[in-house]
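Please read the following explanation alongside the sequence and the coordinates, moving from charged side-chain pairs to the packing of strands and helices.

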Amino acid sequence: MGESMKAAVLYAPGDLRVERREVPRIKSAQDVLIRVKAVGICGSDLDRVLHTGTYSFPTIPGHEFCGIVEELGEDAVGFQVGDRVVVAPILPCMKCDSCSKGHYGQCDDYDYLGSRRDGAMAEYVIAPVQNLIKMPDNMSFAEGAAVEPAAVTLHGMIQVGIEVGDSVVVLGCGPLGVFAVSFAKLMGASEVYVVDIDPQKFAAAASAGADGCVNALETDAVEALQQITKNKGFNVVIETAGSSITQEQSLRLAKKKGRVLYLGTAHNDVVLPPTTFEKIVRNELWVTGSWNSFSAPFPGREWYAILKYVSDGRFDLSSAITHKISLDQLPEVLVQMDKKEFVYSKVMIEIE
């Protein structure tokens, strides 16, 4: 390890530079220096890097990642140099009411790798030892970096309570949507349908176990799906697209006493016609949101379950990974992603 490292540094919205920086140093006895091997690009990374910015500047983005333990603080026990690890990005206060109940994603005073402090779009990053989990030997680094978004999805699936025999529809075939299909099947759903506007994404959904795909550009998605269910609707509707259109459609697709999970964030006003709002009231829908991926024991049962599922061959993290790039390519590729110049699901940065 040298004194400097390559890093993608954000100086202002739209001003991301790949440059040399000093390798971060361990300052706390609980800290671990990690040599980053793979980093996923999240939709929030696009927004922060190109539009909204991080909480201070300059900042190194990146919160979906894994790597190899390079150096340990004196109290960072349970790991050794050379261990392959996935890393949870939140740094909860562990003192507030939410943390005391194990709801770390609702912490009142948290820190966060990649937005509130330097993240993993670099050759090295510092993280607390409590945020590390050892990777299974049969998991690739690209898969390791995909654990975080998969854990976000599984956290939501636990919230909405998929039951054996449930009918499920997933709106949006990005990484969260593909993972939602896999988890729905794993949790016992009898049938899972997906909706998207890009048919190139349907192959990943089908590989994950989708029973059918609806192209919303070619047909009225709600009408097509209601025909499939004989106008009964679905037990569970999962919205991952973050579109005001699909956020409204989700309520119309749920059957009476159905459950609706919102995983996608809103980018515009979500306006509900009276007839759609009445679905919530008259059909007694159960509507919930889900945020982040954390639970007790920290960082969460979601993380440990996914590592076990992948190790056992029951869950395929690679199905959502469509592109792999280098750190040097990152600034250009982010702009291309934002402009939708190519079709992608999960774009992974591999750092050598």
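The count of salt bridges comes to 19, where a salt bridge is a side-chain nitrogen of Lys or Arg within 4 Å of a carboxyl oxygen of Asp or Glu. This is a predicted model, in which local features need pLDDT of at least 70 and side-chain atom pairs count only at pLDDT 80 or more, whereas totals for chains, interfaces and linings use all residues. Residues are numbered from 1 along each chain as its sequence is written, and side-chain values use heavy atoms, with hydrogens and water left out.

One of these salt bridges joins the side chains of Lys134 and Asp83, at 3.9 Å from N to O. Lys134 belongs to strand E9 (residues 132-134) and Asp83 to the loop between E4 and strand E5 (84-87), so the pair ties together parts that are 51 residues apart in sequence; helices (H or I, at least four residues) and strands (E, at least two) are DSSP runs, numbered from the N terminus. Lys134 is partly exposed at a relative accessible area of 44%, while Asp83, at 12%, counts as buried, given that buried means under 20% relative accessible area, exposed over 50% and partly exposed in between (1.4 Å probe, protein chains only).

A second salt bridge links Glu248 and Arg252, with 3.0 Å from N to O, and these residues, 4 apart in helix H8 (residues 244-253), are separated by about one helical turn. Glu248 is buried at 11%, whereas Arg252 is partly exposed at 29%. Elsewhere, salt bridges that share partners join Glu3, Glu22 and Arg25 into one network.

The open sheet is formed by 6 strands in the order E12-E11-E10-E13-E14-E15, with parallel pairing, two strands being paired if DSSP finds at least two bridges between them. Its edge strands are E12 (212-215) and E15 (286-289), each of which pairs on one side only, and the twist averages 15° from one strand to the next. Strand E11 (residues 191-196) is joined to E12 by 4 bridges, and Val195 has Val214 in E12 as its bridge partner. Helix H5 (residues 175-186) packs on the sheet as well, touching strand E10 (167-171), E11 and strand E13 (234-239), and its direction makes about 170° with that of E11; contact means heavy atoms within 4.5 Å.

An antiparallel pairing is found between strand E3 (residues 31-40) and E8, over 5 bridges, with Tyr124 in E8 as the bridge partner of Arg35. In a regular strand the side chains alternate between the two faces of the sheet. Both faces of E8 are covered, with Tyr124, Ile126 and Pro128 buried on one side and Val125 and Ala127 buried on the other.

Finally, H1 and helix H11 (residues 330-338) pack at an angle of about 100°, with their axes 10 Å apart. That makes H1 roughly perpendicular to H11, a description that applies to angles of 65 to 115 degrees, with those under 35 counting as roughly parallel, those over 145 as roughly antiparallel and the rest as oblique. In this contact Leu46, Val49, Leu50 and His51 of H1 meet Leu334, Val335, Met337 and Asp338 of H11.

Terms used
Axes fitted to C-alpha atoms, helices over the stretch in contact; angles between N-to-C directions.
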